[in-house]
Amino acid sequence: MKFYILTLFPDMVSFGLNTSILGRAAARGLLHIECVNIRDYTKDKHKKVDDYPYGGGAGMLMQAQPVYDAWRSVAERIGGRPRTVYLTPQGRTFDQGQAKELALEEDLVLLCGHYEGIDERVLEEIVTDYVSIGDYVLTGGELAAMVVADAVSRMVPGVLTNDASGSLESFEGSLLEYPQYSRPEEWMGKKVPPILLSGDHAKVDAWRREQAVIRTAERRPDLLEKAALSEAERALCAEVLRGG
Ligand code: 6GU
């Protein structure tokens with residue numbers, strides 16, 4: 001899968017996304033993560049990419065021309081109009097379902113805004129999806145683009161070398177993950193739950209499932225609506241929510 005990140009701060013994004021798991025996936029040829037510097041496409045002799053908003057108001061806006069030409073350079077190379085996500089607090093809130101859906105694309109453009117935003121006319125021309133990463137405001141779209149690129153990348157087949165881990169983790173089946181323990185067996189007087197040392201895989205699985213249900217009820221009861229739970233698990237949730 002190929003990502004094209006249109007940004008005024010390519011170094012910020014490149015360093016972040018070419019490290020660890022995503023860096024290894026790129027080296028293995030599973031991902032291509034390319035930053036396109038919007039400033040390289042300005043036709044202004046001082047390399048300016050922003051200007052005052054018509055009608056007045058605070059701050060500066062990114063101008064249409066450099067954004068459009070940066071996007072076109074990508075579109076021409078891939079020979080079509082790519083899915084183009086604009087990261088903005090005015091977008092739909094990103095979630096695991098959208099991460100999976102975007103991972104089906106061969107090419108994905110992520111457009112990062114700065115200043116007070118981007119001239120509406122170029123957004124109308126190129127953007128297919130408006131995406132926010134939550135209800136708070138960032139100084140620019142770069143961190144949001146990195147969040148989206150990371151979450152989408154790990155859904156690309158082969159990126160996670162432990163094949164099962166992509167689907168077993170948090171939010172699959174709308175439950176949080178169960179608690180986990182490694183060596184030593186006792187740390188600061190706290191013992192690993194004995195069932196995990198029993199070697200009985202069926203019992204371990206049942207315990208983990210129960211822990212996931214309890215944890216979700218305690219920490220994210222809003223997720224329980226969507227979770228597929230047995231009658232006994234529903235009863236367990238009710239008990240946790242009563243403070244049991
Ligand atoms: Cl996508 N961009 C900015 N600038 N702020 C945000 C955001 C995006 N999502 C949440 N806050």
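**Briefing: an open parallel sheet and its ligand**

Pro184 lies in the loop between α7 (165-168) and β8 (186-187); helices are DSSP runs of H or I with at least four residues, strands are DSSP runs of E with at least two, and both are numbered from the N terminus. The model is predicted: local features need pLDDT of at least 70, side-chain atom pairs count only at pLDDT 80 or more, and totals for chains, interfaces and linings use all residues. Residues are numbered from 1 along each chain as its sequence is written, and side-chain values use heavy atoms, with hydrogens and water left out.

**Backbone features**

- The peptide bond that joins Arg183 and Pro184 is cis, with omega of about 0°.
- Ser20 is not a glycine, yet its phi is positive, at about 60°.
- Ser20 belongs to helix α2 (residues 20-27).

**The sheet**

- Five strands form an open sheet in the order β2-β1-β6-β5-β7, and their pairing is parallel; two strands pair if DSSP finds at least two bridges between them.
- At the edges are β2 (32-37) and β7 (129-132), each of which pairs on one side only.
- From one strand to the next, the twist averages 30°; axes are lines fitted to C-alpha atoms, for helices over the stretch in contact, and angles run from 0 to 180 degrees between N-to-C directions.
- Strand β5 (residues 83-93) pairs with strand β6 (residues 107-112) in the parallel sense over 5 bridges.
- Opposite Leu87 stands Cys112 in β6.
- Helix α3 (residues 64-78) packs on the sheet and touches β1 (2-7), β2, β5 and β6, where contact means heavy atoms within 4.5 Å.
- The direction of helix α3 makes about 165° with that of β1.

**The ligand and its surroundings**

- Among the residues that surround the ligand are Leu87, Thr88, Pro89, Val131, Ser132, Tyr136 and Leu138; a residue is near a molecule if one of its heavy atoms lies within 4 Å of it.
- The largest share of the shell around the ligand, 3 residues, comes from β5, and β5 and β7 each supply at least two residues.
- The shell has 8 nonpolar, 4 polar and no charged residues; Ala, Val, Leu, Ile, Met, Phe, Trp, Tyr, Cys and Pro count as nonpolar, Asp, Glu, Lys and Arg as charged, and the others, Gly among them, as polar.
- A nitrogen atom of the ligand is 3.3 Å from an N or O atom in the side chain of Ser132; a polar contact is a pair of N or O atoms within 3.5 Å.
- A polar backbone atom of Tyr136 is 2.5 Å from a nitrogen atom of the ligand, and a polar backbone atom of Leu138 is 3.0 Å from a nitrogen atom of the ligand.
- The ligand taken alone exposes 290 Å², of which the protein buries 95%; accessible areas come from the Shrake-Rupley method with a 1.4 Å probe.

Terms used. Polar contact = N/O pair within 3.5 Å; in protein donor to acceptor, adjacent residues only side chain to side chain.
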